[in-house]
Amino acid sequence: MTTDAPLPASRSDAPTAHVVPDYASRVRGCLLGGALGDQLGAAVEFDSFDEIAGRVGADGLRDFSQLPEPGHFGDDTQLTLYTLDGLTEALEWANAGTAADEAACLWLAYLRWYATQEGRLPENAPAPQPRWIDGQSVLHARRAPAEACLSGLATGEMGTRSRPVNPDASDGSTVTRSAPFGLLPFVEDQTVQRLATDGSALTHGHPAAHRSAATVATLIRLLVHEQATLPGAAVAMLARTEQDAGAAELAGRLRAAVELSARGPVAPAALTAALGTGREAEEALSIALYAVLATADSTTPEQHFRRGVAAAINHDGDSDATGSLAGNLLGARYGEAALPAEWLAALEGPEVILGMAKRFLAQTQG
């Protein structure tokens, strides 16, 4: 796909009712929004759109009220919270005056998540000290954890870019846990990209997974710390990616998402034909980006959140991954005020999500 064709004119995502949120609200909005997209999308994960429409109506799944029960969030939210906990522990060490290896803190956090899923730590792995998050029973539920995450941690060895585990793994389970890197304040974008890349390499060895994780983190950083609009963040990220000679596939996916979004919401078949099903990291990111851009003509932040998540989950693919990413982006953009009250009432474990947000904010705000 050509990289020098002009981008379509992007629409603003500044609804008339938009009040600029503060940092804490964006953090909570990003985490809660991702969990809402994960939970709603999990109800139709890998169903065809024809199956979705047959169950809930011709317009697809657009609200928790269409479901017989609210359901549960999945491993995407679990791992997002464990990513946040790993970063929080690194911040705790730093604030106490001791330098910490951030990747090692993340690895230990992911090992603790592994133990919640498998009932034990991997053989030969170190035994991390338990933390508050480990006592939250909702995070112990087994919600179809991604095989690449489990197998990457099961080795008991810390994966790195130079010593990869799962060298061919490039599925979306690495991008859906990467939003917290972009929430970090007072760090340069190069640091955010490094942390997200190293975090991805703990379980996924393929460079496509690393680049996609770093792209998610940078998009969140632009929204939270630069207060960029969604179209503005997308265009900036695309321009940067197209300058990376090794990221041609990712750049092509991002450009396709931006160009498709200029048509507004398209039929699910057209979406998957253009961008894939969301199984791979680049696909999941591009579908989520398309969804939040295609619905940018919404008149309020809440309407944008509802429409953006709906566009992200109604297709023949990995709906919880794409819904989770769309929720992260929209929550980071607008803060928690954009989240529908009745959706929050249906959300599983909000006290755990808010508890982790509180602990992170205590280390970043003083």
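This is a predicted model: local features need pLDDT of at least 70, side-chain atom pairs count only at pLDDT 80 or more; totals for chains, interfaces and linings use all residues.
Good morning, colleagues. I shall begin with the packing of two helices. Two packed helices are described by the angle between their axes and the distance between the axes. In the present model, helix H9, residues 230-242, packs with helix H12, residues 281-294, at an angle of about 140°, and their axes are 9 Å apart. Angles over 145 degrees would count as roughly antiparallel, and H9 and H12 are therefore oblique to each other. The crossing of H9 past H12 is left-handed. On the H9 side, the contact is made by Leu230, Pro231 and Ala234, and on the H12 side by Leu289, Val292 and Leu293.

After H5 comes Gly156, whose phi is positive, near 75°.

The next topic is electrostatics. Side chains of opposite charge can pair when their charged atoms come close. How many salt bridges does the count come to? The count comes to 23 salt bridges, and I have selected some of them for discussion.

The pair formed by Arg131 and Glu92 has its closest N and O atoms 3.0 Å apart. This pair links distant parts of the chain, with Arg131 in the loop between H4 and H5 and Glu92 in helix H3, 39 residues apart. Glu92 has 30% relative accessibility, so it counts as partly exposed. Both residues also belong to a network of salt bridges, in which Asp85, Glu92, Arg112, Arg131 and Asp134 are linked.

Asp198 forms a salt bridge with Arg161, and here the closest N and O atoms are 2.8 Å apart. Again distant parts of the chain are linked: Asp198 is in helix H7, Arg161 is in the loop between H5 and helix H6 (179-183), and the two are 37 residues apart. As for accessibility, is Asp198 buried or exposed? At 18% relative accessibility, Asp198 counts as buried, because the limit for that class is under 20%.

In another salt bridge, the side chains of Asp244 and Arg211 meet at 3.2 Å, N to O. Asp244 lies in the loop between H9 and helix H10 (248-261) and Arg211 in helix H8 (residues 207-225), so this pair ties together parts that are 33 residues apart in sequence. Asp244 is partly exposed, at a relative accessible area of 33%, and Arg211 is partly exposed as well, at 29%.

Ser200 is located in helix H7, residues 189-201, and it is buried, with a relative accessible area of 1%. Which residues are in contact with Ser200, leaving aside its neighbours within four places in sequence? They are Thr174, Arg177, Ala209, His210 and Ala213. The C-alpha atoms of Ser200 and Thr176 are separated by 10 Å, and these residues are 24 residues apart along the chain.

Asp59, by contrast, is exposed, with a relative accessible area of 60%. Asp59 sits in the loop between helix H2 (49-56) and H3. From the C-alpha atom of Asp59 to that of Gly41, 18 residues apart along the chain, the separation is 15 Å.

Thank you for your attention.

Methods: Residues are numbered from 1 along each chain as its sequence is written. Side-chain values use heavy atoms; hydrogens and water are left out. Helices (H or I, at least four residues) and strands (E, at least two) are DSSP runs, numbered from the N terminus. Buried means under 20% relative accessible area, exposed over 50%, partly exposed in between (1.4 Å probe, protein chains only). Contact means heavy atoms within 4.5 Å. Axes are lines fitted to C-alpha atoms, for helices over the stretch in contact, and angles run from 0 to 180 degrees between N-to-C directions. Angles under 35 degrees count as roughly parallel, over 145 as roughly antiparallel, 65 to 115 as roughly perpendicular and the rest as oblique. A crossing is left-handed if the near helix is turned anticlockwise from the far one by less than a right angle, and right-handed if clockwise. A salt bridge is a side-chain nitrogen of Lys or Arg within 4 Å of a carboxyl oxygen of Asp or Glu.
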